[in-house]
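Hi everyone, thanks for coming.

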Amino acid sequence: MSDPFAFDLAATDGAARAGTWSTPHGAVPTPAFMPVGTAGSVKGVMPEQLAAIGSTQILANTYHLALRPGADVVAELGGLHRMMAWDGPILTDSGGFQVFSLAALATMTEEGVRFTSHIDGAKMDLTPEDSVDVQAQLGADVMMCLDECPPLPCEPERMQAAVDRTTRWAQRCRDQWDARDRRTAGGDPQALFGIVQGGVDPAMRERSARGLLPLEFPGYAIGGLSVGEAPSEMYRTLEATTPFLPVEKPRYLMGVGTPTDLLHAVMRGVDLFDCVMPTRNGRNGSVFTSAGTLKIKNAAHARDDSPIDLSCDCPACKRGGPGSFSRGTLRHLFLAGEMLAPILLSLHNLRFYHRLLAELRAAIVRGEARAFVAAELAKWGGGANVAAVNPPPGDPTAVPIRP
Ligand SMILES: [Zn+2]
């Protein structure tokens, strides 16, 4: 039987990869970005709109869905695909990251994690086995191992303990996944990804990757980044991590990041991304453009008849053609509290991310990835979409960044 989660490399350019990742709900050209549908919905955006702007897959959050409405309710409602009215691939995280982001509400032991619900204060235990069972009930195409993501900076002993616990939990997750015949509660094939931890210490990243490789997961996620470290540290860490990951499996950088981060990560061998940034920023009136970021609420846009970005084909911009929304109109809608404004800006930002990675993929296939990335970063200027980054000293693969 063919592998329902096969990853085929179409081209490489340096460490950058253009691939096609198969799932039971369709194939994804990579590198690819997935919008975040935390509670089972990408906020304010219809599934057919997502498909129209190039979204191929969605991430949903296990922690949030397990608390509300409950994984059993999601299963009764037909699983996440039915519930979200989304026929494409869906991934769920394990809930492990919420231990980090909601640390005051969580305690951790070797057995697992105990959360206090941020909704009603109820206690919820999440062992590695529970995490797999809950994610099987949710029914996504891909689930994640429960991991420990310590906050940075982190003492070396503490980091090593987290890495080793993550490896032990990965084994328990794998055993439970096997016990479930690697299927969702609805009976569909379901993949399990291991998560590489280790902070920004290359030796710890190697230790984590080497611990997970014997478990032969269908894909590998890189967790514990974009948690407060400098972008250059993140890029250096990726460089120290991806060489240890199997070439023939997808690599997923969790929760990252800015457009700049995506370009740098792809150049270091990452295939898949998720982040709330495009939708969250859109809801707050901040948009990415081919010339950098802009805040639509600024007074400078009040009488501006031009679209957000003339080169953008999203439902808001339409390349400035008939039916497009001007910056002035969008600013007004924001200030008037009209719900259409955050919806349009979410769509625009997601389209920006999807186009960026589609164009980068084409550049990888042409063997021009480095030139493409350098040109994009130069277009955005020193601020704009570019985080404050500097290539690590002596880094041979670093893309030049304008100061
Ligand atoms: Zn647009």
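So, the zinc ion here is held by four residues: Cys312, Cys314 and Cys317, each through SG, and His348 through ND1, at 2.0 to 2.4 Å. A donor means an N, O or S atom within 2.8 Å of the metal (3.2 Å for Na, K and Ca), and since water is not among the atoms, sites may look incomplete. Before going on: this is a predicted model, where local features need pLDDT of at least 70, side-chain atom pairs count only at pLDDT 80 or more, and totals for chains, interfaces and linings use all residues. Residues are numbered from 1 along each chain as its sequence is written, and side-chain values use heavy atoms, leaving out hydrogens and water.

Along the sequence, the donor residues follow the pattern C-x1-C-x2-C-x30-H. Cys317 sits in the loop between strand 16 (292–295) and helix 12 (327–335), while His348 is in helix 13 (residues 340–366), so this pair ties together parts 31 residues apart in sequence. Helices (H or I, at least four residues) and strands (E, at least two) are DSSP runs, numbered from the N terminus.

Is His348 buried or exposed? With 0% relative accessibility, His348 counts as buried; that means under 20% relative accessible area, with exposed over 50% and partly exposed in between (1.4 Å probe, protein chains only).

Now stay with helix 13: 21 of its 27 residues are buried, so helix 13 is largely enclosed by the rest of the structure.
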